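Work through the exercises below with the model open. Try each task before reading its solution.

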Amino acid sequence: MPEMPEVETVRRGLMNIAAGRKIQGIDVYYGKTIENDIDEFRQALIGQTIERIDRRGKYLLFRFTNNLTMVSHLRMEGSYYRQLNDGPIDKHTHVVFHFTDGTELCYRDTRKFGRMHLVKTGTEMQVGGLKTMGPEPTEKDFKVDYFKGILKKSRSKIKPFLLNQDHVAGLGNIYCDEVLWQSCINPEQPANSLTDEQIQILHDNIIKEIAKATKYKGTTVHTFMNAFGEAGAFQNQLEVYGRGGEECERCGHKLVKIKVAQRGTTFCPHCQPLEGDQK
């Protein structure tokens, strides 16, 4: 699933290829992508202009004229691309927005998990996971006192704690492995057992890692592409994710891959020991 740096990269691309365009028509080839009534969705958007595209966590927020917002969640493999009107459509392209300037914005999704939900602007934070989403992992929004408070209340293992979007927005499997390795914290360490020093280090690494990954336009591990059909470059910067069996760059010991909360998890047993009595 695209994580926050990837979704932010898509958003920036969409600002170039979709913002300011007026919708002339909409084709829907897979109805479940649209959570509204399809005819009502079309009628509401035809003639409207995309003013800008915002992001909250892993959700894209298309801001239209007439006080409308389309909440788009890419899920596993959703992506957007631009082409000229009436260009070729393959079996994985499920929604096409035709613009009056002769171009079209296409939504492609091989897994068919992505969804679009049109709502009145101002009510979008009541949609799905946006209702309870935690702060963005930035210096402005993600405060260490808040982080410390929610960690101390949780008996969850730290990796699934970080994956929970209610705690902090945008972290997924890749960046959880990375920040835990950088912070020398075992992925199975109970959240409420972290020291204040560990919390500060982890907090700072989350902010730095997400900012760095966004700078490199995200991580391409399987099929992620930005809105221009370009792969991200941060996979070349990964220090632990996907490197099970290789040497740890910090200590030289072999990295191990295990399952934590049903997610493949890579860590260094030497650098990231499980601390305390876990019985």
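The exercises that follow concern a predicted model and cover helix packing, a helix end and cysteines.

**Exercise 1. Classify the packing of α5 against α6 from the angle between their axes.**

Step 1. Locate the helices. Helix α5 spans residues 173-182, and helix α6 spans residues 196-215.
Step 2. Take the geometry. The two axes come within 9 Å and cross at roughly 130°.
Step 3. Apply the cut-offs. Perpendicular runs from 65 to 115 degrees, and antiparallel begins over 145. The α5/α6 pair is therefore oblique.
Step 4. α5 passes α6 in a right-handed crossing.
Step 5. List the contact residues. α5 contributes Y175, E178, V179, L180 and Q182. From α6 come L202, N205, I206, E209, I210 and A213.

**Exercise 2. Repeat the analysis for α1 and α6.**

Step 1. Helix α1 covers residues 4-17. Its axis lies 8 Å from that of α6, at an angle of about 40°.
Step 2. Angles under 35 degrees would count as roughly parallel. The pair therefore counts as oblique.
Step 3. The crossing of α1 over α6 is right-handed.
Step 4. On the α1 side, M4, P5, E8, T9 and R12 make the contact.

**Exercise 3. How many disulfides does the structure hold, and what is the nearest cysteine sulfur to C271?**

Step 1. Search the whole structure. The count is 0 disulfides.
Step 2. Check C271. The nearest cysteine sulfur belongs to C251, 3.5 Å away. A disulfide needs sulfur atoms within 2.5 Å, so C271 is in none.
Step 3. Place C271 in the chain. It sits in the segment after β10, residues 263-267.
Step 4. Find its contacts. Leaving out residues up to four places away in sequence, C271 touches C184, C248, R250 and C251.

**Exercise 4. Are C106 and C271 buried or exposed?**

Step 1. Recall the cut-off: buried means under 20% relative accessible area.
Step 2. C106 has a relative accessible area of 0%, so it is buried.
Step 3. C271 has 12% relative accessibility, so it is buried too.

Methods. Residues numbered from 1 in each chain as written. Predicted model: local features only at pLDDT ≥ 70, side-chain atom pairs only at ≥ 80, totals over all residues. Heavy atoms only, no water. Buried < 20%, exposed > 50% of the residue type's maximum accessible area, 1.4 Å probe, protein only. Axes fitted to C-alpha atoms, helices over the stretch in contact; angles between N-to-C directions. Helix = DSSP H or I, 4+ residues; strand = E, 2+ residues; numbered from the N terminus. Left-handed = near helix turned anticlockwise from the far one by under 90°. Contact = heavy atoms within 4.5 Å.
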